[in-house]
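Hi,

Here is the structure we talked about. Please open it and keep it beside you while you read my notes below.

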Amino acid sequence: MRATALRCIRRVIVALEMLAPVFITWPNEEKVEEIKNGFFSNSTFPNVLGAIDGTHINIPAPHEHQETYVNRKGHHSIQLQAVCDHKRRFIHCYVGNVGSVHDQRVFRLSELKNYLDDATKFPNNTHLIGDSAYTLHEHLMVPYRDNGHLTQKQKNFNFCHSSARMAIERSFGLVKGRFRSLLTTLDMKRVDLIPKYIIACCILHNICLLQNDEFPGLSETTPVNENIQARGELVAINRQGAFKRDNLCDQLPFRHI
C-alpha cells in the first residue's frame, strides 16, 4: 500500500510540475500595472513588480554530502527562492540549492540574475524589492543599511520598503501553513524529488489563491542577513540602483514616525 501511495504522489507531482508555466508566470505589461497599483495601495512604495526572498525547507539528513545541506540554524534544508505579487501569488520560483548556500549566491544561480539586465522584464521603471541579503540594482531595491546615522527620509524609505516586502513573508507563511510538511520537516528520502514536491506545493498555493480559497497560514519572518559581498563587476549597475533608490527616498510620502 505504501509503495502504491508513493507512486500516486509522484505521478501527481509530475503532473503539477508540468502546469508550472501556466500558474507561476512572470507578469505581462498589463499585469504589471495591476501589481504596481496593488503594492502602492498597500505600502505607498511605487513601481514594485514583486517581492523576493528565500526560505529553507527542512529535510532529513541525506545519505550523501550531509554537511552541505546544513543551514545557518544547524538544520538540513533545501532552499526555495520566490517572487510574489501583491496578492501573495508566486510569479517566479527557484528551488533546489542546499541549505549552506548564501541567499545572494542562490540569486546569482537563478535566472532572475539575468532578468535584472533585461529591461523588457521590468517595464515602466519597475523593480523587485528584497532584503539586505541582496545586492542593490536598478531593478532590485534593498533597504538602506542602518549604521545608526540614517536620515528621517532613509528611515521612512526602509519602513515603506518593509511594508511592501511583507507580501513575500506572508506568501511563505501561507504555503507552509497549508502544506505543513514544509513548515516542519519534509520527510522525503529521495533528494532529487524534493524540489519537484516544493514546486507542486507552490503551484497549488497559487491555484488556491486564484480560487479565493484562503487559509489562516502562519507568518514567517526571515532574518535579515547583513553580509556585504563586494563584486567589482556590479559597481556601475549599483550606482544606477543607488541613484534610483535616493530618488525614491526623496519622493516617498512620510509614514515612519
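Helices here are DSSP runs of H or I with at least four residues, strands are runs of E with at least two, and both are numbered from the N terminus. Thr44 sits in the loop between α3 and β1. The positive value belongs to a residue other than glycine. Most residues other than glycine have a negative phi. Thr44 counts as buried because its relative accessibility is 19%. The cut-offs: buried is under 20% relative accessible area, exposed is over 50%, and partly exposed is in between, with a 1.4 Å probe and protein chains only.

Before going on, some ground rules. This is a predicted model: local features need pLDDT of at least 70, side-chain atom pairs count only at pLDDT 80 or more, and totals for chains, interfaces and linings use all residues. Residues are numbered from 1 along each chain as its sequence is written, and side-chain values use heavy atoms, with hydrogens and water left out.

**The chain as a whole**

The chain has 8 helices and 5 strands. In sequence order the pattern is α-α-α-β-β-β-α-α-β-β-α-α-α. Of the 257 residues, 50% are buried. The chain exposes about 13100 Å², and carbon and sulfur atoms supply 54% of that. These areas come from the Shrake-Rupley method with a 1.4 Å probe; for residues, only the protein chains shown count as cover. Contact means heavy atoms within 4.5 Å. Among contacts with a separation of 6 or more, 70% join residues 24 or more positions apart.

**Helix α3**

α3 covers residues 29-43. Its 15 residues should span 21 Å at 1.5 Å a residue, and its end C-alpha atoms are 21 Å apart, which agrees. The expected span is 1.5 Å times one less than the number of residues. Which residues of α3 are buried? They are Val32, Ile35, Lys36, Gly38, Phe39 and Ser43. The buried residues pack against β1, β2 and α6 (152-178). Glu30, Asn37 and Ser41 are exposed, on the face turned away from the buried side.

**The strands**

Strand β1 runs over residues 48-58. 11 of its 11 residues are buried, so the rest of the structure largely encloses it. β1 pairs with β2 (residues 77-84) in the antiparallel sense, over 8 bridges. Pairing requires at least two DSSP bridges between the strands. In this pair, Gly54 stands opposite Gln81. β1 also pairs with β4 (residues 127-129), in the parallel sense over 3 bridges. There, Ala51 has Ile129 as its bridge partner.

β2 and β3 pair in the antiparallel sense over 7 bridges. Cys84 stands opposite Phe90 in β3. In β3 (residues 90-98), 7 of the 9 residues are buried, so this strand too is largely enclosed by the rest of the structure. The β2-β3 hairpin has 5 residues between its strands. One of interest is Arg88, with a positive phi of about 75 degrees although it is not a glycine. Arg88 is partly exposed, at 22% relative accessible area.

α7 spans residues 194-210, and 17 residues at 1.5 Å each should give 24 Å; the end C-alpha atoms are 25 Å apart, which agrees. 12 of the 17 residues are buried, so α7 is largely enclosed by the rest of the structure. Among them are Ile194, Ile198 and Cys202. Asn212 follows α7 and has a positive phi, near 60 degrees.

The largest nonpolar core has 63 residues. Such a core is a set of buried Ala, Val, Leu, Ile, Met, Phe, Trp, Tyr and Cys residues joined through side-chain atoms within 4.5 Å. Phe45, Phe90 and Ile198 have the most contacts inside it. Leaving aside neighbours within four places in sequence, Ile198 is in contact with Ile57, Ile78, Leu80, Val95, Leu182 and Leu186.

**Ile59**

Ile59 is in the loop between β1 and β2. It counts as buried, at 5% relative accessibility. Its C-alpha atom is 9.4 Å from that of Ser181, 122 residues apart along the chain. Beyond neighbours within four places in sequence, the contacts of Ile59 include Tyr69, His76, Thr185 and Ile194.

Best wishes
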